[in-house]
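Please read these notes with the model open beside you.

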Amino acid sequence: MKKRINLLTTIIVIFLAQHLFAQKNQSLTFKDIRQWRTHSTTLSDNGKWYTTNYKLLDKSEFIKDSIIEKKVKLSYGEDNQTDILYVFNTETGLKYQIPYANNPVFSYSSEWIAYQIKPESKKKKNNKKVQTKNYIELKHLESGFSIKYESNASYQFLEHKNYFITSDKNSLLIYDLEKRIEHYVGNIGEYIIDEKSDYVAYTIASDDKRGNGVYVYSLEKKTTRALQTGNSLFSNLSWNKDKTSIAFYRYKNVDNEVDYSNINLVTVNQVNNSGSNIIEYCSKDIKGFKNNFSFAIKKGTNSNKITWSNDGERFFVKIKKYVKKKKQKKGKTKVEKKSTVQVWHSKDKKLLSERMMEYDKKADQTFDAIFFRKSNTITQLTDDNIQELNYSKGTDQWAVGLDNQKYISDWDVKKHDLYSINLKTGEKKLIHKKLSRSYTSPNYEISPDGKKLLLWDGSHFWVYDFNTNVKVNITKELNISFINKDYDQFGYVPSYGFVGWVKNKNTIVVNHKYDLWELPLDKLSTAKNLTGSVAKNTSIRYRLENYNFKEESNIEDRYIDLSSPIYLYAFNPQTKYSGYYNLNNNQLTKLIFEPSNFSQTWRRNDIIKSKSSNTIIYTKGDYQNYPESYLSSSDFKKSKKITNTNPQQKLFNWGKRILIDYTNEDGIPLQATLSIPENYKKGKKLPMIVWSYEKVSDRLYHYSTPYISGANTTEMLYVSNGYLYLKPDIHFNVGTPHSDMHECINAAIEKVIELGYVDDKRIGYEGFSFGGHCGMYISTQKNKFAAIAAGAGVSNLVQGFNIDIVWNGSNEQDYYMTGQGRLGTDPTSNTEMYLRESAVFQAQNMNTPLMLFHGTADNVVQWEHSFGFYSILRFLKKPVVFLSYKGEGHGLRKEENRLDIQRRLKEYFDHYLKGEKPKKWMIEELPYIPKKEVLKNKKDKKTLPKWK
């Protein structure tokens with residue numbers, strides 16, 4: 001009987017496979033999009049093992065379909081399923097497959113792997129979910145031996161030691177991988193591990209205080225020793241440089257709050273000896289503390305650390321101001337009713353709304369300080385005058401302090417004064433005044449050894465020597481400029497970027513437009529173009545592939561070693577080809593360079609390298625092929641594809657993407673990408689969607705993943721259904737952002753018309769945020785569009801400059817003047833420009849069908865911009881429909897709303913660009929039907945920001 005059932009099942013599966021896969025070149029639907037996945041890979045340090053893990057991009061339940069699910073399983077293949085972790089041996093092939101596993105981590109010895117198992121919640125007959133248990137599993141790769149723990153804990157392997165650690169809020173488990181012995185600790189408070197220490201130090205924090213204290217567990221001897229115990233709380237564990245002494249705070253709670261007035265900083269010396277020497281420093285006896293200031297205890301994994309100086313004589317600590325609780329008077333007290341007035345003054349350095357949002361943070365605000373052990377004094381380093389302190393990790397002599405008090409501004413780029421701070425004395429000296437900074441382009445960096453500082457002043461690179469207090473311009477005499485001339489926003493002049501400090505040489509490496517340059521910090525050598533060995537006419541841009549070295553724990557590992565081979569990511573801005581080169585002894589060697597994209601997203605992924613072998617994993621894809629992972633030798637000559645993420649794509653009509661060259665009215669050369677359906681027949685004119693933002697043509701070879709977005713049209717949903725999809729580059733000038741966008745878009749469209757692809761009567765535009773501003777503006781101009789959709793855009797620049805307040809309580813004046821808005825001035829200085837670039841003031845000219853959409857709780861672009869534009873257009877009886885999504889922010893997050901906006905966008909463009917029958921919501925008033933709201937918690941009720 002079983003054989004008959006199995007035979008019948010096989011016949012059904014074969015039939016379904018033949019039936020489903022026979023339907024070639026289907027058009028994508030919303031249900032089909034749910035099949036798309038992403039993947040992740042890891043590689044062991046010895047290069048002998050790797051993992052692949054596939055995940056659906058969207059697991060929405062409201063759109064599940066049994067046929068789709070069967071199609072998914074058939075197309076993926078038996079050894080390529082979702083929600084399964086695959087562990088491969090690079091020599092023998094597939095070794096293990098673990099359902100519902102993720103977050104794999106290999107041990108440093110490459111003998112073990114750990115991962116988390118999170119089964120999906122199961123449903124009972126009454127449709128209620130039954131929560132399943134989560135596990136951590138530890139597996140020996142060669143033998144298959146495994147041990148499983150029911151836990152949601154974090155986990156890690158110890159570097160240079162054969163141990164596995166897992167911990168949650170209440171417990172710590174140490175597993176000896178060699179002897180396979182467990183050591184369990186309950187009531188754990190915190191713990192610290194260091195590769196140079198033979199101990200795991202931890203605190204016990206029980207509710208009844210019994211057993212509370214600081215303990216060390218010897219990994220080798222399997223013994224535990226108490227360093228200090230008592231009816232107190234213990235936190236902020238910290239080893240000294242030699243891992244022979246430990247420091248921590250001991251304190252008590254009073255009325256369930258930390259007694260900050262009486263915190264002891266405790267040091268235990270000679271931890272490895274039974275006769276440890278304990279010294280305690282009580283906060284109330286320490287000289288130098290301001291009133292109501294004390295040590296700041298730990299608030300998170302890496303917060304408020306105690307850091308030992310290398311000589312052990314100082315501690316770098318965080319301190320905070322605490323509030324003493326007032327004793328409440330006995331008996332009834334009359335409560336005076338107070339006015340709700342708020343006073344906003346022109347002399348406010350920061351808006352009241354911004355200070356409101358900062359208020360709660362200031363309650364826990366901490367400051368940097370040095371505690372001097374011998375003199376029992378503390379020197380505060382940061383305060384209202386020095387707001388930020390940075391130094392190179394592991395160094396203890398010099399730091400950089402930043403002061404922005406003189407330059408606080410609603411509209412200007414960020415500026416600050418730089419100070420050198422002597423960490424042995426607390427003395428500070430001015431290095432540079434009024435240094436402009438950018439969020440994306442750092443303007444200073446401290447050398448790994450902490451002795452020098454590199455800074456960019458908007459024109460040149462300077463190097464400051466902390467010991468001599470001398471600052472030198474190192475690019476002044478060069479006949480080459482490092483100013484990034486492609487930057488098109490007002491008020492800040494960035495460089496092309498700093499790369500790093502060179503090992504064993506008194507030089508640095510910086511970026512130029514295309515090349516990497518090595519610059520000397522003295523006059524003993526000359527500047528050198530490191531990538532100049534390739535012919536200049538190639539216009540290839542070279543960039544360091546991996547910047548993770550800057551985060552290394554050892555100081556010597558934070559330098560660039562030019563004597564060893566270095567991977568460089570290469571990109572041709574004209575052809576969009578990309579790949580990797582090897583830089584070795586000032587010579588470039590091409591490893592791989594082709595019409596491909598080497599990442600899964602628009603951000604470049606780092607190459608995954610094994611530490612002790614020649615094995616790497618890299619990612620490669622293009623518009624037609626999802627970016628897959630490849631196992632390879634480091635020279636890229638032996639590459640093997642190891643993932644097959646979205647094989648179901650072959651069922652659907654896909655497309656190709658071409659590069660278009662065009663110029664704007666000023667003759668500036670620009671590029672655009674045009675996506676064309678794969679079943680396109682030459683000479684046929686198709687409808688087209690235009691999407692714009694800034695410069696996007698560099699993504700020519702990026703895969704367009706089908707995804708239900710809450711902001712932008714899903715490109716492949718349109719291309720697969722017979723649309724062209726155009727993404728043009730924009731050249732901006734200060735003062736004309738929206739008209740620049742319109743001009744460049746028009747020029748790109750003209751080029752597509754010239755090429756004969758598009759029906760010029762059936763072109764639509766969709767943009768979101770900055771692209772939404774543009775859509776609103778274009779709708780009021782003479783344009784080439786049959787319909788426009790604009791999401792979360794700014795319609796009134798005057799209103800935006802004057803009344804927009806964003807998530808942190810600040811206004812948007814900097815956005816409009818010196819940020820992405822690119823206006824360069826205020827509405828009183830150039831009123832005509834603000835009016836000209838605002839959609840609202842051109843509303844009388846609007847005749848293009850327009851669909852607006854916006855979330856009511858958007859804290860980036862105010863909802864009122866869309867409503868205000870809708871309101872004036874409605875008054876003028878213009879063709880507009882406004883979709884308002886209650887409680888949504890900048891981009892829709894809820895699954896049902898993302899699906900709703902994508903369906904309506906498709907219905908909207910299908911009507912105006914393909915002539916399909918319009919839906920009722922597009923052409924007539926709909927009856928109001930109250931919607932039942934389910935509030936999960938009180939926070940859902942708050943849709944207005946604090947200051948309103």
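**Notes on the predicted model**

1. Cysteine 282 counts as buried, because its relative accessibility is 13% and the cut-off for buried is under 20%. The model is a predicted one.

2. Cysteine 774 is also buried, with a relative accessible area of 0%. Its closest cysteine sulfur belongs to cysteine 744 and lies 9.6 Å away, too far for a bond. The structure holds zero disulfides.

3. Side chains of opposite charge can pair when their charged atoms come close. The count of salt bridges is 37. One of them joins arginine 898 to aspartate 58, at 3.1 Å from N to O. This pair links distant parts of the chain, 840 residues apart: arginine 898 sits in helix 12, and aspartate 58 in the loop between strand 2 and helix 3. Both residues are buried. Arg34 joins Asp58 and Arg898 in a network of salt bridges.

4. Glutamate 445 and lysine 550 form another salt bridge, with the closest N and O atoms 3.1 Å apart. Glutamate 445 is in strand 34, and lysine 550 is in the loop between strand 42 and strand 43, 105 residues apart. Glutamate 445 is partly exposed at 22%, and lysine 550 is partly exposed at 24%.

5. The whole structure has three cavities of 30 Å³ or more. Helix 6, helix 7 and helix 9 each give two or more residues to its lining. That lining has five nonpolar, three polar and no charged residues; among them are Pro737, Phe770 and Tyr815.

Technical notes. Residues numbered from 1 in each chain as written. Predicted model: local features only at pLDDT ≥ 70, side-chain atom pairs only at ≥ 80, totals over all residues. Heavy atoms only, no water. 1 Å grid on protein atoms, 1.4 Å probe; cavity = no way out; pocket = protein on both sides within 12 Å on 5 of 7 lines; lining within 4 Å. Points joined across faces, edges and corners; volume = space filled by probe spheres on them. Helix = DSSP H or I, 4+ residues; strand = E, 2+ residues; numbered from the N terminus. Nonpolar A, V, L, I, M, F, W, Y, C, P; charged D, E, K, R; others polar. Disulfide = S-S within 2.5 Å. Buried < 20%, exposed > 50% of the residue type's maximum accessible area, 1.4 Å probe, protein only. Salt bridge = Lys/Arg side-chain N within 4 Å of Asp/Glu carboxyl O.
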